[in-house]
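Please open the structure in a viewer and keep the selection panel at hand.

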Protein chains: 2
Amino acid sequence: MNPMANHRPSSMSVLTALSDALGEAVLCEPQQTEPFRRDYWVRSEIDEWRGSPLPNPMAVVTPTTTQQVASVVQICQEFGTPVITRGAGSGVVGGVLAQEDGIVLSTHKLITPSSIDKKNLLATFGAGTNGLEAEELVQDHGLTIGHWPQSIGVSSVGGWVATRASGQFSTAYGNIEDILYSLVAVLPDGSIYRSRETPRAAAGPDLRQLFLGSEGTLGVITEVTFSLRTQAPDQAKQAFHFDRFDDGLEAIRRIMAARWLPPVVRLYDPRESRRNFAESVPKGRSVLIFLHEGPPGSAQLESAAIATTCANLGGVLTESTAVEHWFEHRNTVPTWTELFEQGLLVDTIEVATKWSNLSGLYRGVVEAVSAIPSVISMTAHSSHAYRSGANLYFTAVAAPPEGADYTEIYDQIWDAAMTAADSLGAGLAHHHGIGRVRRTWLNSELGESGSQLLSAIKAALDPKGLFNPGVLMEPTQL
Amino acid sequence: MNPMANHRPSSMSVLTALSDALGEAVLCEPQQTEPFRRDYWVRSEIDEWRGSPLPNPMAVVTPTTTQQVASVVQICQEFGTPVITRGAGSGVVGGVLAQEDGIVLSTHKLITPSSIDKKNLLATFGAGTNGLEAEELVQDHGLTIGHWPQSIGVSSVGGWVATRASGQFSTAYGNIEDILYSLVAVLPDGSIYRSRETPRAAAGPDLRQLFLGSEGTLGVITEVTFSLRTQAPDQAKQAFHFDRFDDGLEAIRRIMAARWLPPVVRLYDPRESRRNFAESVPKGRSVLIFLHEGPPGSAQLESAAIATTCANLGGVLTESTAVEHWFEHRNTVPTWTELFEQGLLVDTIEVATKWSNLSGLYRGVVEAVSAIPSVISMTAHSSHAYRSGANLYFTAVAAPPEGADYTEIYDQIWDAAMTAADSLGAGLAHHHGIGRVRRTWLNSELGESGSQLLSAIKAALDPKGLFNPGVLMEPTQL
């Protein structure tokens, strides 16, 4: 097999150099590279579904060690070849999209080291390790990473860090930035950055934070160490339904203010409640579910106090099957293309804001997106709570008319949601990241000065703009 | 009054420009500028005490608004004048030291805005606001910032952020990076960065983290917003004493592993226990004190469980006066010069590491520093616990012989402590920061690649190196 087949002469030299360095780990045949061209972004799936093929990369490289990643990056730097890093491809904002003059660096073979340190409650994994496998590995030792994104079975631990992910247990256990202990990353110049393994340091800016959420633009994360928890001996589940979505928000606000910390706190608006809990909850109600966990006695203490808070706001205790139902289905990931075939276009949009803005944000975004002619449903739940506010996770469903341009409707939905959220002062990206779908909104999120700051850092670390161009920042911002 | 008196012609133009812009807020008389020349670094106090006067700045400017800070920075940028930002001056690592060709930008008049938002549990303060005044203000509303550094009465809220500070309640409430909600900072180019007010965002790297711990080298923090807590309705205090310091460490490790979170967890080695708790604890024992706080019922639940853990390791419950004693004296800040007069040289050095390294770190640093001839005591306590480890806070006391060079002995102590901690794989700076005293060790802390990364960011944001030169990084690193 000649890895250089099907390629323009101009790309020959970088492929030769990569093959010399990595041998079989350089994949060039289109049938090999095709699965690595994109992530789970709806817009990419629309393109593919309607027959606009996505670009194939020059090659997919599959390094197995940090040192190999450094070699790949050095070679790409030398030849000016863009490097699109891809984890497990479960991202939903277009953070991975191949380009013909670039390579895709897939982390899926970066699965060593893998070690668990019970005394220090730490676990180290190669960045490509599957999230669920990592969690199951630590669970065998009575421990937990405590990070449960819906995509846990189809995402990688490095991807969690690169996208600044949140898990379903975040209200108590924090988001990935609160769970990450240390990391190893290859910088655009090919050098290897390894953060010190210390529980905490006041030693200048926290440099790990440059890579948390960098989405492949500032470094290739090759190894992560998480700070673990022991599995909770105590657990309780309960759910309530409220007359109004706002009553549920107020219940969560009071619970956070009272310093309770249930790992799972999820409030569904009436339409989502109906969609998910029709068997146990009357129509028109908003369902709020809780998982309580902690050391002995704590879950009972917390669940009793929270039950009182909910009752004070008119919350009605539901059958426990409501919570069980959620637990059983919480890692189901939908397939967009199946929905296209049914004539439906669906996407999710998450934002966050302060308590005082939440109700207005909910109404404002629902109204703005619902005004788009083909949109048949715009609903939301809140799934990550903080002392100062919470997120809202919207699901838009459109039924485009025969022959309609799905991409155009898709863009309209995002534009309406982002414009409404921005005008209401909300944060524009809670945990899916920026990718390509939000990049024109990054200026609003960071402010003019923040955008310039980020661009200055990007220019300093990656002056040629080779790391994941077009993601996070507009290519022109460089 | 002519603010230009006593100054070389070369500095005339920048002072004229500053005075034109800020008028009376530009102080140039030596008796005006003298109090702003330094922070609370022992080495600066030694210099002053033995009659080696510290350099006076060209001027001290005392802006009252972010916009004024931006004007000052723009002028200094234009004239190539170094800007040394000073909060309340309670830093102990030499982060503030005036230079004759630079100005000191004092934040002490940056005391607006000051607002409390009870619904969203947020409080916004001008960076120069005194820490205790800020805490008392929110306490009037039944809330707390939850950040209690020993220096709370003599530090500023902006200084907390700029130095990446820790408070005594950090084990439950986190360090300042966990409490900070948003900030405003003036960048070296004079632009104003204002982070978005959202509870959480996956929108690229967290840019606030560039300023947390930047110690005046990357921006001037002018305004901070903290995420508050309600005051805990439930509180309990208890203390135990153990046969060995290591037993106390093991108790804390088990408590953290069991997922309890007392705000205050402080373990003193036998000498410090004797120094602080002689009335209530027998000689040779290690005292471990706890403050438990939380919603109703939680403090009792936690204190009972922790009492069992301590008893299992041979911990003996002490009289409650031990904890009360600590509470009464916890914000006493020593005066170095008084100690010099008594023939004593004292400093504190804090580091952190994983549980498996802690005992060795304690022994290694005590041994290394005790080997210095004039050192008469090297002791430690642990005051900030994490799931994966804890800090150690050492206090070195030397009795230099008649005529000895205090600075030389001071440097020996730091060198011995840092060398030992580094060789034992510990993090070299838990919460006092880097300043000047640790800057030669920053390479070890961050690694070669981390240092280069930080230098690249510094060069990108402050290409002339005007913001607090010589702090954090060696001046030559630019």
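The stops below concern the chain arrangement, the aromatic rings and the charges over rings.

This is a predicted model, in which local features need pLDDT of at least 70, side-chain atom pairs count only at pLDDT 80 or more, and totals for chains, interfaces and linings use all residues. Residues are numbered from 1 along each chain as its sequence is written, chains are lettered from A and ligands numbered from 1 in the order in which they are written, and side-chain values use heavy atoms, leaving out hydrogens and water.

Begin with chains A and B: chain B is superposed on chain A by a rotation of 180° with 0.0 Å of shift along its axis, at an RMSD of 0.0 Å (least squares on the C-alpha atoms of residues with pLDDT of at least 70 in both). The two copies are therefore related as by a two-fold rotation axis. Both use the same surface, since 100% of the contact residues of chain B recur in chain A (contact: heavy atoms within 4.5 Å).

Rings of Phe, Tyr and Trp (its six-membered ring) pair if their centres lie within 6.5 Å; planes under 30 degrees apart count as stacked, over 60 as edge-to-face and the rest as tilted. Select Phe169(A) and Tyr173(A), a tilted pair at 6.1 Å centre to centre with 40° between the planes. Then select Trp49(A), Phe340(A) and Tyr406(A), which form one aromatic cluster.

Finally, display Lys237(A), which lies over the face of Phe327(A) at 4.5 Å from the ring centre (NZ of Lys or CZ of Arg within 6 Å of the ring centre and within 35 degrees of the ring normal). Arg330(A) lies over the face of Trp148(A), at 4.5 Å from the ring centre.
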